[in-house]
Amino acid sequence: MFNPSKFAVSLDRKGEEPIYRQLIRYVRAQIESGELPAGTRLPASRDLAKQLNISRISVVNAYAELRAQGFLSAHAGRGTFIAGDTPGAANGSSSAHAPETPTTPDRSIREMMRMARKPGVISFSQGSPPTDFFPVRHLRDAINTVLDRDGARALGYEVAEGYMPLRAAVRDYVSALGIRCSPDQVLITGGTQQALDLVVQALLSENDILVTENPTYLGMIDIARTRRVQIHGINLDENGIRLDMLENFILDHHPKLIYVMPTFQNPTGSVMPLHRRRQLINLAAEYKIPVLEDAVYHELRFEGEALPPLKALDEDSVVIHASGFTKMMLPGIRIGYLISDSAHYERLVRVKQAADIATSGLNQRAMHLMLERGVMAQQLERNNRELAHRRDVALAAAARFLPPGSKWNLPQGGLYLWAQLPKSGPTAAELYVSAVHAGVSYAIGSVFYTNSCGSHRIRLNYGAFKPADIEEGFKRLGRAWRELACDYADMEKSPLL
Ligand SMILES: Cc1ncc(COP(=O)(O)O)c(C=O)c1O
């Protein structure tokens, strides 16, 4: 029987090694030394967390990891025990055969992507469009044509503003969405991500305030942190950002920039209706605060009526429009753009030049040729049809496999399902390590909030997978949740023996 006073782990709270890993090391050492023999019942996660003065998620993740490594077993209704035939006890070695240990979920995109890249994991966590949609053959043809046509000219430094024929092609493309501009207002960027970063750098100084939707795009939270800008999120209702709250915030805090995703907001998938778009522009114009519109998902619509981007409604020149050909065509070629009026344009170009001189001239030329050849229009039509199908498969799989009491949105476009797990069960962060061990990952919802809300929220990129994998991924997720919820309920109920 487990004696809690024996659990005298000494933790290095300031060290590099995450607490949950230290706990794993400790439990394994105790097992190997015979201090914790097979059949010993471990304390409930809450009790152990309290006793060690650490967060409960550290204990939950350590238990999940030890279970996956075969050191612990969980029995519904009874609790968590040292497994009968532990790997360490059997061969005397503590680490040689242990599977690779995923790290504790981290707020950064890179960490999530790293975990999700484990072989065999169906990774719903990333923001990538489906790789099976990428127009590889068209890109190869375009690059070959560009090199035959332009030779070394395609390989030198491009001007910072971008390759003029591509800027003109962007002007033509956005004019079909209702945006009136000249190529001189188009700045080609290294993806939409760089477009957002350039605007923050050009318009804000350290400690200035950026106001956005809550939840919002994680990449923008990262930008704000690295540029040392304060970021504040305003809640959304079914029509997008709450303008009453936004106005109060403006009056109290004088933000320097409003950042929004009016169409297929990431992560919620929400779409701002026309009247709210107009009201937002009026509000921004009244207080003279620029609005950064992120339209990267605008064209990934497979249902519902298309709405004009904010920039198409912008009579007061308060909107800077950012988007890219990444989600629509190819993320890896890194072509995005900004459309801005002259008030900010020159400064944006200077920041762009300082950042990377210019976006690759070869990639810009290849993208230009693909636009001229109509590749994007073809792609969008086919991709959106397929995305609608994948959305339907995801909705059916969610209904079948997600735990009872879960809720999710009904996306009309974009790549993501935004789901809420039952509050009575594990949080999204607590479930993460178990889910990865079960072979599925998702984006932990709380990372998208500026104030750490959304503990039971998850974002699932169903769009990136073929139907059979979508089903399998949801199935694994449901299984991981049930297993953990079972322990979770047991741990809640049963005191130490
Ligand atoms: C809302 C939003 N904006 C910008 C980006 C960055 O896109 P890009 O690949 O064009 O840099 C992403 C990528 O996930 C996104 O979701």
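In helix 6, H138, L139, A142, I143, T145, V146 and D150 meet L362, R365, A366, L369 and M370 of helix 13. Contact here requires C-beta atoms, placed from the backbone, within 7 Å of each other. By class, this contact of helix 6 with helix 13 has eight nonpolar, two polar and two charged residues. Nonpolar covers Ala, Val, Leu, Ile, Met, Phe, Trp, Tyr, Cys and Pro; charged covers Asp, Glu, Lys and Arg; the others, Gly among them, count as polar.

The model is predicted: local features need pLDDT of at least 70, side-chain atom pairs count only at pLDDT 80 or more, and totals for chains, interfaces and linings use all residues. Residues are numbered from 1 along each chain as its sequence is written. Helices (H or I, at least four residues) and strands (E, at least two) are DSSP runs, numbered from the N terminus.

Axes are lines fitted to C-alpha atoms, for helices over the stretch in contact; angles run from 0 to 180 degrees between N-to-C directions. The classes are roughly parallel under 35 degrees, roughly antiparallel over 145, roughly perpendicular from 65 to 115, and oblique for the rest. Helix 6 passes helix 13 in a right-handed crossing. Right-handed means that the near helix is turned clockwise from the far one by less than a right angle, and left-handed that it is turned anticlockwise.

Helix 1 (residues 19–32) and helix 3 (residues 56–68) form another packed pair: their axes come within 8 Å and cross at roughly 50 degrees. That makes helix 1 oblique to helix 3. The crossing is right-handed. Helix 1 contributes I19, Y20, L23, I24 and V27 to the contact, and helix 3 contributes S58, V59, N61, A62, E65 and L66. Eight of these residues are nonpolar, two polar and one charged.

Helix 8 packs against helix 9 at an angle of about 35 degrees, with the axes 10 Å apart. This crossing is right-handed. Q193, L196, D197 and V200 in helix 8 meet G219, M220, I223 and A224 in helix 9. The contact holds five nonpolar, two polar and one charged residues.

Helix 8 (residues 191–203) also supplies the largest share of the shell around the ligand, three residues. In total, 14 residues surround the ligand, and G127, G191, T192, Q193 and T326 are the closest. The shell divides into four nonpolar, nine polar and one charged.

Backbone geometry was examined next. N207, in the loop between helix 8 and strand 5, has a positive phi of about 75 degrees although it is not a glycine. A cis peptide bond joins N214 and P215, with omega about 5 degrees. P215 lies in the loop between strand 5 (209–214) and helix 9 (218–226). The bond from N266 to P267 is also cis. Its omega is near 20 degrees. P267 sits in the loop between strand 8 (257–260) and helix 11 (274–287).

Four strands form an open sheet in the order 12-13-16-15, with antiparallel pairing. Pairing requires at least two DSSP bridges between two strands. Strand 12 (407–408) and strand 15 (443–444) are the edge strands, each pairing on one side only. Strand 12 is joined by two bridges to strand 13 (residues 416–420), and the two run antiparallel. W408 stands opposite A419 in strand 13.

How values were computed:
Contact = placed C-beta atoms within 7 Å. Near = placed C-beta within 6 Å.
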